[in-house]
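I opened my notebook today to look up how this protein chain is packed. Here is what I wanted to see, entry by entry.

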Amino acid sequence: MDYCFGVDIGGTTVKIGLFQEDGNIREKWEIKTRTEEKGCRILPDIAKSLLNSLEKNGISKENVAGIGIGVLAPITEDGVVKATANLGWEYKNVKEEMEELTGIRTATGNDANVAALGEMWLGGGRGCKNMIMVTLGTGVGGGILINGKILTGEHGAGGEIGHLCVNYEETDNCGCGNHGCLEQYASATGITRLAKKKLDSTDRETLLRKGPVNAKTVFDAVKAGDEVADEIAVEFGTYLGHALANLAAAVDPAAIVIGGGVSKAGEVLLPYIKKPYQERAFFADRDVKFTLAELGNDAGICGAAKLVLD
(Lines give C-alpha, C1' and ligand atoms only; values in the text may rest on other atoms or scores of the structure.)
Protein backbone atom coordinates (compact mmCIF):
# COMPACT_ATOMS: atom_id res chain seq x y z
CA MET A 1 0.00 0.00 0.00
CA ASP A 2 1.68 3.21 -1.16
CA TYR A 3 -1.07 5.84 -1.04
CA CYS A 4 -4.16 7.08 0.77
CA PHE A 5 -6.65 9.92 0.45
CA GLY A 6 -7.47 12.54 3.07
CA VAL A 7 -10.83 14.30 2.63
CA ASP A 8 -12.09 17.26 4.65
CA ILE A 9 -15.80 17.99 4.00
CA GLY A 10 -16.68 21.61 4.77
CA GLY A 11 -19.88 23.54 4.22
CA THR A 12 -18.53 25.35 1.13
CA THR A 13 -15.71 23.23 -0.24
CA VAL A 14 -14.33 19.71 0.09
CA LYS A 15 -10.54 19.66 0.49
CA ILE A 16 -8.82 16.53 -0.79
CA GLY A 17 -5.24 15.27 -0.62
CA LEU A 18 -3.49 12.29 -2.17
CA PHE A 19 -0.86 11.17 0.34
CA GLN A 20 2.04 8.82 0.34
CA GLU A 21 2.25 6.66 3.45
CA ASP A 22 5.12 8.74 4.89
CA GLY A 23 2.86 11.80 5.03
CA ASN A 24 4.05 13.56 1.89
CA ILE A 25 1.21 15.12 -0.08
CA ARG A 26 1.47 14.11 -3.72
CA GLU A 27 -1.29 16.51 -4.72
CA LYS A 28 -4.18 18.42 -3.16
CA TRP A 29 -7.25 20.09 -4.57
CA GLU A 30 -10.76 21.27 -3.75
CA ILE A 31 -14.23 20.67 -5.11
CA LYS A 32 -17.48 22.45 -4.34
CA THR A 33 -19.69 21.07 -1.57
CA ARG A 34 -23.07 20.74 -3.27
CA THR A 35 -25.48 20.89 -0.33
CA GLU A 36 -28.71 21.22 -2.35
CA GLU A 37 -31.24 18.37 -2.33
CA LYS A 38 -30.18 17.29 1.17
CA GLY A 39 -26.55 16.99 0.11
CA CYS A 40 -27.19 13.90 -2.00
CA ARG A 41 -24.37 14.77 -4.44
CA ILE A 42 -21.59 15.35 -1.90
CA LEU A 43 -20.28 11.81 -1.55
CA PRO A 44 -20.73 10.88 -5.24
CA ASP A 45 -18.83 14.05 -6.21
CA ILE A 46 -16.00 13.10 -3.86
CA ALA A 47 -15.89 9.51 -5.11
CA LYS A 48 -15.72 10.67 -8.73
CA SER A 49 -12.91 13.09 -7.90
CA LEU A 50 -10.88 10.43 -6.08
CA LEU A 51 -11.26 7.85 -8.85
CA ASN A 52 -10.29 10.47 -11.45
CA SER A 53 -7.15 11.21 -9.43
CA LEU A 54 -6.17 7.54 -9.41
CA GLU A 55 -6.67 7.29 -13.14
CA LYS A 56 -4.71 10.49 -13.82
CA ASN A 57 -1.79 9.35 -11.66
CA GLY A 58 -1.78 5.76 -12.89
CA ILE A 59 -2.45 4.34 -9.42
CA SER A 60 -4.48 1.17 -8.94
CA LYS A 61 -6.92 0.71 -6.08
CA GLU A 62 -4.75 -2.12 -4.77
CA ASN A 63 -2.07 0.47 -3.95
CA VAL A 64 -4.45 2.62 -1.88
CA ALA A 65 -4.58 1.96 1.86
CA GLY A 66 -7.90 3.76 2.17
CA ILE A 67 -9.90 6.97 2.25
CA GLY A 68 -10.06 9.05 5.41
CA ILE A 69 -12.90 11.54 5.74
CA GLY A 70 -13.44 14.37 8.20
CA VAL A 71 -17.05 15.57 8.40
CA LEU A 72 -18.48 18.86 9.62
CA ALA A 73 -20.79 17.09 12.09
CA PRO A 74 -20.83 14.64 14.97
CA ILE A 75 -20.14 11.21 13.49
CA THR A 76 -20.02 7.84 15.22
CA GLU A 77 -17.07 5.47 15.07
CA ASP A 78 -18.88 3.36 12.47
CA GLY A 79 -19.37 6.35 10.17
CA VAL A 80 -22.96 7.40 10.90
CA VAL A 81 -24.08 11.04 10.80
CA LYS A 82 -27.54 11.44 12.32
CA ALA A 83 -28.00 15.09 11.33
CA THR A 84 -25.98 18.11 10.24
CA ALA A 85 -27.02 21.72 9.83
CA ASN A 86 -24.44 22.63 7.17
CA LEU A 87 -24.38 19.75 4.70
CA GLY A 88 -28.09 19.06 4.29
CA TRP A 89 -27.75 15.48 5.50
CA GLU A 90 -30.22 13.79 7.76
CA TYR A 91 -29.23 10.19 8.57
CA LYS A 92 -26.24 9.06 6.49
CA ASN A 93 -23.70 6.25 6.80
CA VAL A 94 -20.69 8.01 5.28
CA LYS A 95 -18.30 5.08 5.61
CA GLU A 96 -20.65 2.54 4.03
CA GLU A 97 -21.70 4.81 1.16
CA MET A 98 -18.14 5.84 0.25
CA GLU A 99 -16.97 2.23 0.25
CA GLU A 100 -19.86 1.31 -2.06
CA LEU A 101 -19.05 4.23 -4.40
CA THR A 102 -15.30 3.58 -4.63
CA GLY A 103 -14.59 0.01 -3.57
CA ILE A 104 -11.93 1.43 -1.22
CA ARG A 105 -11.81 1.01 2.57
CA THR A 106 -12.96 4.19 4.33
CA ALA A 107 -12.50 5.64 7.83
CA THR A 108 -14.37 8.66 9.17
CA GLY A 109 -14.25 11.24 11.95
CA ASN A 110 -15.48 14.64 13.04
CA ASP A 111 -13.60 17.42 11.24
CA ALA A 112 -12.19 19.10 14.37
CA ASN A 113 -11.09 15.77 15.85
CA VAL A 114 -9.48 14.81 12.56
CA ALA A 115 -7.64 18.15 12.38
CA ALA A 116 -6.26 17.45 15.86
CA LEU A 117 -5.01 14.07 14.64
CA GLY A 118 -3.30 15.84 11.73
CA GLU A 119 -1.53 18.23 14.09
CA MET A 120 -0.40 15.32 16.25
CA TRP A 121 1.01 13.52 13.21
CA LEU A 122 2.63 16.31 11.19
CA GLY A 123 2.05 19.61 13.01
CA GLY A 124 2.24 21.39 16.36
CA GLY A 125 1.63 18.23 18.38
CA ARG A 126 4.29 16.05 16.75
CA GLY A 127 5.62 13.48 19.17
CA CYS A 128 2.67 13.78 21.59
CA LYS A 129 0.24 10.89 21.97
CA ASN A 130 -1.96 12.68 24.52
CA MET A 131 -3.06 16.08 23.25
CA ILE A 132 -5.82 18.65 23.30
CA MET A 133 -6.35 20.85 20.27
CA VAL A 134 -8.64 23.86 20.42
CA THR A 135 -9.62 25.69 17.23
CA LEU A 136 -10.59 29.33 17.61
CA GLY A 137 -12.58 30.40 14.56
CA THR A 138 -16.14 31.59 14.06
CA GLY A 139 -16.87 29.12 16.84
CA VAL A 140 -14.65 27.08 19.14
CA GLY A 141 -13.96 23.51 18.10
CA GLY A 142 -11.52 20.97 19.32
CA GLY A 143 -10.19 17.49 19.42
CA ILE A 144 -8.86 15.24 22.17
CA LEU A 145 -6.32 12.51 21.52
CA ILE A 146 -5.67 9.76 24.06
CA ASN A 147 -2.78 7.38 23.37
CA GLY A 148 -2.76 8.61 19.78
CA LYS A 149 -6.46 7.88 19.22
CA ILE A 150 -9.33 10.32 18.75
CA LEU A 151 -11.77 10.53 21.64
CA THR A 152 -14.99 10.14 19.65
CA GLY A 153 -17.54 9.51 22.40
CA GLU A 154 -20.82 7.63 22.35
CA HIS A 155 -22.59 10.05 19.97
CA GLY A 156 -19.61 11.23 17.93
CA ALA A 157 -19.53 14.51 19.88
CA GLY A 158 -16.29 14.03 21.85
CA GLY A 159 -14.04 17.11 21.95
CA GLU A 160 -16.79 19.75 21.77
CA ILE A 161 -14.58 22.08 23.80
CA GLY A 162 -16.48 25.19 22.73
CA HIS A 163 -19.51 24.10 24.70
CA LEU A 164 -17.88 23.77 28.09
CA CYS A 165 -19.80 26.13 30.36
CA VAL A 166 -17.47 28.86 31.65
CA ASN A 167 -19.96 31.49 32.88
CA TYR A 168 -23.00 30.35 34.83
CA GLU A 169 -24.36 33.92 35.04
CA GLU A 170 -24.53 34.46 31.25
CA THR A 171 -28.00 35.28 29.89
CA ASP A 172 -27.18 35.52 26.16
CA ASN A 173 -27.64 32.36 24.13
CA CYS A 174 -24.80 30.43 22.56
CA GLY A 175 -25.48 29.11 19.07
CA CYS A 176 -26.05 25.67 20.61
CA GLY A 177 -28.95 27.04 22.69
CA ASN A 178 -27.17 26.98 26.04
CA HIS A 179 -25.76 29.93 28.00
CA GLY A 180 -22.18 30.73 29.01
CA CYS A 181 -20.36 28.41 26.61
CA LEU A 182 -16.66 28.96 26.00
CA GLU A 183 -17.48 29.72 22.37
CA GLN A 184 -19.19 32.95 23.51
CA TYR A 185 -15.86 34.32 24.79
CA ALA A 186 -12.96 32.64 23.01
CA SER A 187 -14.09 32.39 19.36
CA ALA A 188 -13.40 35.18 16.87
CA THR A 189 -17.01 36.31 17.31
CA GLY A 190 -16.70 35.94 21.08
CA ILE A 191 -13.60 38.14 21.21
CA THR A 192 -15.43 40.75 19.12
CA ARG A 193 -18.31 40.55 21.60
CA LEU A 194 -15.96 41.06 24.56
CA ALA A 195 -14.31 44.00 22.78
CA LYS A 196 -17.57 45.78 22.04
CA LYS A 197 -18.72 45.36 25.64
CA LYS A 198 -15.41 46.78 26.86
CA LEU A 199 -15.65 49.79 24.53
CA ASP A 200 -19.21 50.47 25.70
CA SER A 201 -18.07 50.40 29.32
CA THR A 202 -15.17 52.87 29.05
CA ASP A 203 -14.35 56.13 27.32
CA ARG A 204 -10.60 55.55 27.43
CA GLU A 205 -8.58 56.19 24.30
CA THR A 206 -7.80 53.03 22.33
CA LEU A 207 -6.75 52.06 18.83
CA LEU A 208 -9.93 49.99 18.64
CA ARG A 209 -12.01 53.16 18.18
CA LYS A 210 -10.19 53.96 14.94
CA GLY A 211 -11.48 51.15 12.75
CA PRO A 212 -13.35 47.85 12.67
CA VAL A 213 -13.49 45.84 15.88
CA ASN A 214 -12.74 42.15 15.51
CA ALA A 215 -10.38 39.49 16.85
CA LYS A 216 -7.60 40.51 14.47
CA THR A 217 -7.74 44.21 15.34
CA VAL A 218 -7.83 43.37 19.06
CA PHE A 219 -4.56 41.43 18.86
CA ASP A 220 -3.02 43.93 16.45
CA ALA A 221 -3.73 46.55 19.13
CA VAL A 222 -2.27 44.26 21.81
CA LYS A 223 0.96 44.06 19.79
CA ALA A 224 0.97 47.88 19.63
CA GLY A 225 0.78 48.12 23.45
CA ASP A 226 -2.87 49.23 23.68
CA GLU A 227 -4.06 48.93 27.31
CA VAL A 228 -7.75 48.43 26.51
CA ALA A 229 -6.94 45.69 23.99
CA ASP A 230 -4.68 44.08 26.60
CA GLU A 231 -7.61 43.94 29.06
CA ILE A 232 -9.80 42.30 26.41
CA ALA A 233 -7.08 39.73 25.71
CA VAL A 234 -6.76 39.03 29.44
CA GLU A 235 -10.50 38.36 29.67
CA PHE A 236 -10.43 36.10 26.61
CA GLY A 237 -7.40 34.22 27.94
CA THR A 238 -8.90 33.78 31.39
CA TYR A 239 -12.00 32.08 30.06
CA LEU A 240 -9.98 29.85 27.74
CA GLY A 241 -7.15 29.12 30.16
CA HIS A 242 -9.47 28.12 32.99
CA ALA A 243 -11.55 25.92 30.68
CA LEU A 244 -8.44 24.15 29.43
CA ALA A 245 -7.20 23.64 33.00
CA ASN A 246 -10.46 21.88 33.86
CA LEU A 247 -10.24 19.76 30.73
CA ALA A 248 -6.59 18.88 31.36
CA ALA A 249 -7.51 17.52 34.80
CA ALA A 250 -9.61 14.89 33.03
CA VAL A 251 -7.34 14.26 30.04
CA ASP A 252 -3.74 14.78 31.33
CA PRO A 253 -2.31 15.96 27.98
CA ALA A 254 1.32 16.37 26.98
CA ALA A 255 0.46 19.37 24.81
CA ILE A 256 -2.30 21.85 24.08
CA VAL A 257 -2.34 23.04 20.48
CA ILE A 258 -4.09 26.32 19.58
CA GLY A 259 -5.42 26.55 16.02
CA GLY A 260 -8.11 28.25 13.97
CA GLY A 261 -8.23 31.73 12.48
CA VAL A 262 -7.56 33.50 15.78
CA SER A 263 -4.26 31.62 16.11
CA LYS A 264 -2.94 33.64 13.16
CA ALA A 265 -2.26 36.37 15.73
CA GLY A 266 0.79 34.25 16.56
CA GLU A 267 2.82 33.72 19.71
CA VAL A 268 1.29 36.81 21.37
CA LEU A 269 -1.77 34.66 22.16
CA LEU A 270 -0.06 32.03 24.25
CA PRO A 271 0.88 33.97 27.43
CA TYR A 272 -2.73 35.19 27.78
CA ILE A 273 -3.92 31.57 27.80
CA LYS A 274 -1.05 29.91 29.63
CA LYS A 275 -0.98 32.20 32.70
CA PRO A 276 -4.60 31.59 33.80
CA TYR A 277 -4.25 27.94 32.81
CA GLN A 278 -1.35 27.51 35.21
CA GLU A 279 -3.22 29.35 37.96
CA ARG A 280 -6.01 26.73 37.88
CA ALA A 281 -4.31 23.60 36.57
CA PHE A 282 -3.96 20.44 38.66
CA PHE A 283 -0.30 20.27 39.75
CA ALA A 284 0.51 17.29 37.52
CA ASP A 285 -0.70 19.20 34.43
CA ARG A 286 0.81 22.61 35.18
CA ASP A 287 3.75 22.32 32.79
CA VAL A 288 1.84 21.16 29.73
CA LYS A 289 3.39 22.40 26.48
CA PHE A 290 1.39 25.14 24.72
CA THR A 291 1.98 25.50 21.00
CA LEU A 292 0.35 26.93 17.90
CA ALA A 293 -1.06 24.72 15.16
CA GLU A 294 1.23 24.46 12.13
CA LEU A 295 -0.79 22.86 9.33
CA GLY A 296 -3.39 25.56 8.68
CA ASN A 297 -6.02 24.47 6.18
CA ASP A 298 -4.18 21.18 5.58
CA ALA A 299 -4.79 19.87 9.12
CA GLY A 300 -8.09 18.24 8.14
CA ILE A 301 -6.79 16.34 5.12
CA CYS A 302 -3.64 15.29 7.00
CA GLY A 303 -5.65 13.94 9.92
CA ALA A 304 -8.09 12.22 7.59
CA ALA A 305 -5.21 10.45 5.87
CA LYS A 306 -3.81 9.40 9.24
CA LEU A 307 -7.20 7.82 10.09
CA VAL A 308 -6.66 5.14 7.45
CA LEU A 309 -2.93 4.76 8.00
CA ASP A 310 -3.67 3.89 11.63
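**The cores**

I began with the largest nonpolar core of this predicted model, and I found that this core has 46 residues. Leu136, Phe219, Phe236, Leu240, Leu244, Ile258 and Tyr277 have the most contacts inside it. I then looked up which element gives the most to this core, and helix α8 does, with 13 residues. Another core lies apart from that one; it has 28 residues, and I noted Tyr3, Phe5, Ile31 and Ile46 among them.

**Leucine 136**

Next I picked Leu136 and asked what it touches, leaving aside its neighbours within four places in sequence. I listed Ala186, Phe236, Leu240, Ile258, Gly259, Gly260, Gly261 and Val262 as its contacts.

**Helix α9**

Then I turned to helix α9, which runs over residues 269–280. Leu269, Leu270, Tyr272, Ile273, Pro276 and Tyr277 are buried there. Why are they on the same side of α9? I found that they cover an arc of only 165° around the axis, so they share one side of the helix. On the face turned away from that buried side I found the exposed residues Pro271, Lys275 and Glu279. I also checked what covers the buried residues, and the cover includes α7 (215–223), α8 (227–251), β11 (255–259) and β12 (289–292).

**A hairpin**

Last, I looked at strands β2 (residues 13–20) and β3 (residues 25–32), which pair in the antiparallel sense over 7 bridges. I saw lysine 15 opposite glutamate 30 in β3. The two strands form a hairpin with 4 residues between them, and glycine 23 in the turn has a positive phi of about 100°.

Note on methods
Residues are numbered from 1 along each chain as its sequence is written. This is a predicted model: local features need pLDDT of at least 70, side-chain atom pairs count only at pLDDT 80 or more; totals for chains, interfaces and linings use all residues. Side-chain values use heavy atoms; hydrogens and water are left out. Buried means under 20% relative accessible area, exposed over 50%, partly exposed in between (1.4 Å probe, protein chains only). The arc is that of the directions from the helix axis to the C-beta atoms. Contact means heavy atoms within 4.5 Å. Two strands pair if DSSP finds at least two bridges between them. A nonpolar core is a set of buried Ala, Val, Leu, Ile, Met, Phe, Trp, Tyr and Cys residues joined through side-chain atoms within 4.5 Å.
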